[in-house]
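Dear colleague,

Please find below the structure I promised to hand over.

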Amino acid sequence: CRAGPPCLGLYLRGGLLAPAKAVFAPASSVATRAMPMLAGGLILPSSGPPALAAAFAVDALCVAASLPLIAALRRRGPARGREAVDAEAGAATANAATIAAPAIARSYYLYLLASSLLAFGPVQILLPVLLVQRHDPRYLAIYAAQFLGVSLAAALAARRPPERMERILYGVAGCWLAAALAYALLGWGAAAWPLGATVLAFGLLAAASNHYGIRSLSWLQRSADPRRMGREMTWFSAATMGAMPLAALATGWLIETRGLAGASLTLAAALAACALAGTMHLHLRATVARAASPRDGAASPAAFAADD
């Protein structure tokens with residue numbers, strides 16, 4: 001489920017990427033929600049090591065099944081085939097004086113890294129800890145709320161992504177605010193309205209995560225130079241999937257030292273601060289870009305590709 005979306009750009013044209021990811025997202029949501037329940041079903045009935053080994057075996061099989069998809073990122077699919085690259089190379093040669101594909105700014109991946117560490121990675125630890133602490137089957141409604149959130153976000157994210165990077169990153173900052181609201185619900189609202197606030201919070205987190213993932217990856221696959229696609233997908237995977245273990249480790253430490261409510265409020269405050277800093281950063285870059293091109297007053301993609 002994690003390796004599938006990056007591979008879609010190898011086989012689909014740019015205009016179909018966002019709708020394809022919107023269709024893929026609900027199926028991925030079902031799989032990612034079902035696997036923890038399957039693993040939990042193997043672990044909870046038995047306290048011995050065989051059940052734990054079986055759960056890890058299921059996880060290992062899932063990782064092994066994703067390896068061919070990850071390896072496919074090193075190849076050129078039909079949509080990124082040699083013919084398309086040759087055609088683009090010919091067009092670039094003819095217009096070399098006026099057309100230059102800007103590189104993806106490394107600050108783009110910093111936004112994705114912050115999303116993984118603070119917004120969406122912590123859910124992997126918070127959800128199982130909460131289910132164990134509450135020990136109430138009604139809280140399994142969280143999985144239904146997550147599926148609804150993913151489906152709604154997929155429908156909203158299916159439209160064509162904008163051309164300019166800063167508009168995508170403003171959307172990422174908006175997803176941070178939505179996640180901050182969800183964590184605030186977990187920290188404050190769960191005390192007065194435990195079940196409802198918790199279900200709403202995890203549904204909101206799932207929606208924000210899916211919307212952010214579809215839009216950011218669709219923009220990247222549409223905007224990156226096909227000849228550098230493998231490199232860009234490596235950076236994308238490192239900033240998203242690669243950061244998840246760090247997010248799990250940090251969240252576990254927060255829960256141990258501050259409790260579930262305290263960890264949630266800490267994440268909410270950190271995300272609100274990141275959203276504010278990100279908005280100021282994007283506004284500053286837009287101001288610099290407009291000053292560099294006073295005749296048209298618009299920020300060019302190349303200006304945002306230059307990293308400081």
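Predicted model: local features only at pLDDT ≥ 70, side-chain atom pairs only at ≥ 80, totals over all residues.

The expected span of a helix is 1.5 Å times one less than its number of residues. Helix 5 covers residues 106-120, which is 15 residues, and reaches 20 Å from its first C-alpha to its last. That is close to the 21 Å expected at 1.5 Å a residue.

The overall plan is as follows. The protein holds twelve helices and zero strands, and from the N terminus on its elements run α-α-α-α-α-α-α-α-α-α-α-α. Of its 308 residues, 43% count as buried. Among contacts between residues at least 6 apart in sequence, 80% join residues at least 24 apart.

Helix 5 has several buried residues, among them Tyr108, Tyr109, Tyr111, Leu112 and Phe120. Against which helices do the buried residues of helix 5 pack? Their partners are helix 6 (123-134), helix 8 (165-192), helix 9 (194-223), helix 10 (229-239) and helix 11 (244-292).

Two pairs among these partners deserve a separate description. Two packed helices are described by the angle between their axes and the distance between the axes.

Helix 8 passes helix 11 in a left-handed crossing. The residues of this contact comprise 20 nonpolar, four polar and one charged.

The second pair is helix 9 and helix 10. Here the axes come within 10 Å and cross at roughly 160°, which makes helix 9 roughly antiparallel to helix 10. The crossing of helix 9 and helix 10 is right-handed. Ser216, Leu217, Leu220 and Gln221 in helix 9 meet Met229, Glu232, Met233 and Phe236 in helix 10. By class, that contact has five nonpolar, two polar and one charged residues.

Which residues does histidine 211 contact, leaving aside its neighbours within four places in sequence? They are Ala153, Leu156, Ala157, Arg159 and Cys175.

With kind regards

Note on methods. Residues numbered from 1 in each chain as written. Heavy atoms only, no water. Helix = DSSP H or I, 4+ residues; strand = E, 2+ residues; numbered from the N terminus. Buried < 20%, exposed > 50% of the residue type's maximum accessible area, 1.4 Å probe, protein only. Contact = heavy atoms within 4.5 Å. Left-handed = near helix turned anticlockwise from the far one by under 90°. Nonpolar A, V, L, I, M, F, W, Y, C, P; charged D, E, K, R; others polar. Axes fitted to C-alpha atoms, helices over the stretch in contact; angles between N-to-C directions. Parallel < 35°, antiparallel > 145°, perpendicular 65-115°, else oblique.
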